[in-house]
Amino acid sequence: MSEPLHYRSTRSAKHAARIDEVIAAGLAPDGGLYVPEALPQRDASDFDAGQSLAQTAASLLDPFFRGSSLAHQLPAICREAFDFDTPLRPLAYRDDAMVLELFHGPSAAFKDVGARFLAACFRRLRGDAQAPLTILVATSGDTGAAVAAAFHRQPGVRVVILYPDGRVSPRQAHQLGCFGDNVQALRVDGTFDDCQRMVKAALNDSSLQQRVPMSSANSISLGRLLPQMSYYAQASLSWWHQHRAPLNFIVPTGNLGNALACVWVRDMGLPVGEIHLACNANATLSDYFDGSPYSPRPAIATLANAMDVGAPSNFERLRWTYPHDHELRLQLHASSVDDNAIRDTIVRHARDHDEVFCPHTATAMHVLDGMGSTGLPWAVVATAHPAKFDSVVEPLIGRQLAVPPALAAMLQRPAHAEPMAASDEALKVWLDERVESARAAAG
């Protein structure tokens with residue numbers, strides 16, 4: 001592909017945008033999600049064996065950035081963002097399965113990949129811009145900390161994190177509130193779906209946007225979603241170079257961003273085989289893939305709290321990718337895993353195999369366990385370090401977990417979050433008040 005790639009909304013083909021405009025905006029003007037006009041096609045032979053994650057990412061994403069102001073800076077952006085590994089680790093107790101560990105970044109969750117890439121793009125896109133930009137983030141647990149870590153103390157940017165009060169783990173809540181400086185956490189008296197709705201309403205308010213320039217760092221932003229394709233590409237290409245066979249994935253998912261990244265890598269032509277979605281007791285997706293009409297519903301609280309989503313935003317992009325229900329249901333499988341099964345999976349794997357997983361990864365391990373021997377190679381996607389969920393995991397396995405150094409440093413800081421009603425208007429008023437306060441302080 002030599003021509004620049006353009007992007008349009010999932011809801012309208014009227015306005016074509018470049019990737020730098022898409023990243024800056026976050027959400028399309030009509031409230032839809034940006035998608036490429038067509039997915040670039042690639043082949044395994046386009047990639048050298050043994051490439052680093054940063055090298056794979058730069059090559060994979062090159063067609064998406066061609067013709068934009070960021071195109072020539074893409075390799076540097078990838079080197080800056082991807083300075084940690086996402087290893088594909090064999091499981092000792094079975095020869096047909098591996099774990100793709102995505103939790104070796106600063107906040108100990110896979111969200112570090114997209115957040116750090118997005119922050120590196122914003123540093124270049126904003127340059128010497130005078131007007132401060134507010135990054136709004138709705139989080140069910142992990143996104144907020146990754147975005148906060150990526151944008152902490154970045155000049156000209158303020159991060160506002162909304163999370164459902166009492167529905168994230170204690171360590172997640174501490175991470176969200178421990179940054180200070182240009183990062184503000186709001187604990188919302190509601191669910192993640194409330195937080196997500198509030199963020200979208202603010203971003204879609206043109207009058208508010210004029211007073212408070214805003215963008216998004218959720219997976220509704222392509223600047224978050226596109227880089228997440230990199231670790232699926234790297235893992236599948238590594239397997240392909242060694243075995244000349246596609247690699248199959250089991251992906252824990254709530255809002256569908258991580259899963260959609262895997263789907264798009266396969267649709268681009270890289271060697272990804274079957275994709276199985278592991279959901280918690282929020283069964284919107286598993287019911288749909290079992291044949292029921294798509295029916296968003298209120299989220300319920302589970303042990304795998306970062307997946308507590310009843311109305312996954314990226315289903316809109318998934319439907320753009322496969323417009324017809326019968327076609328979409330042929331592309332993916334989905335299973336719902338309840339809290340009892342999560343507990344049992346964590347206990348069994350710690351006892352029998354000395355493998356400790358976070359509750360989200362445990363949903364995918366439960367799906368793998370139920371498959372038995374398939375004759376296919378499977379990679380379970382490990383989305384977060386289990387130490388982030390010590391209040392769940394440690395009582396089940398009967399011992400303390402070692403805490404990664406970056407997480408330990410965050411836990412040493414004081415943390416604070418402001419209360420917020422689960423109201424679109426409450427967030428808009430809060431944003432306006434903060435702008436007025438900043439102006440008054442500036443004289």
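Trainee: Which residue does UniProt list for "modified residue: N6-(pyridoxal phosphate)lysine"?

Mentor: This is a predicted model, in which local features need pLDDT of at least 70, side-chain atom pairs count only at pLDDT 80 or more, and totals for chains, interfaces and linings use all residues. UniProt positions follow the numbering used here, with shortened feature names, and annotations may be inferred rather than shown by experiment. In an unreviewed entry, UniProt lists for this feature Lys 111.

Trainee: Is Lys 111 buried or exposed?

Mentor: Buried means under 20% relative accessible area and exposed over 50%, with partly exposed in between, using a 1.4 Å probe and protein chains only. Because its relative accessibility is 11%, Lys 111 counts as buried.

Trainee: Which helix holds Asn 258?

Mentor: Helices are DSSP runs of H or I with at least four residues, numbered from the N terminus. The run covering residues 257-267 includes Asn 258, and this run is helix H10.

Trainee: With which side chain does the side chain of Asn 258 make a polar contact of 2.6 Å?

Mentor: A polar contact is a pair of N or O atoms within 3.5 Å; within protein, one must be able to donate a hydrogen and the other to accept it, and residues adjacent in sequence count only if both atoms are side-chain atoms. A polar contact of 3.0 Å joins the side chains of Asn 258 and Tyr 232. The polar contact at 2.6 Å is with the side chain of Tyr 231.

How values were computed. Residues are numbered from 1 along each chain as its sequence is written. Side-chain values use heavy atoms; hydrogens and water are left out. Helices (H or I, at least four residues) and strands (E, at least two) are DSSP runs, numbered from the N terminus.
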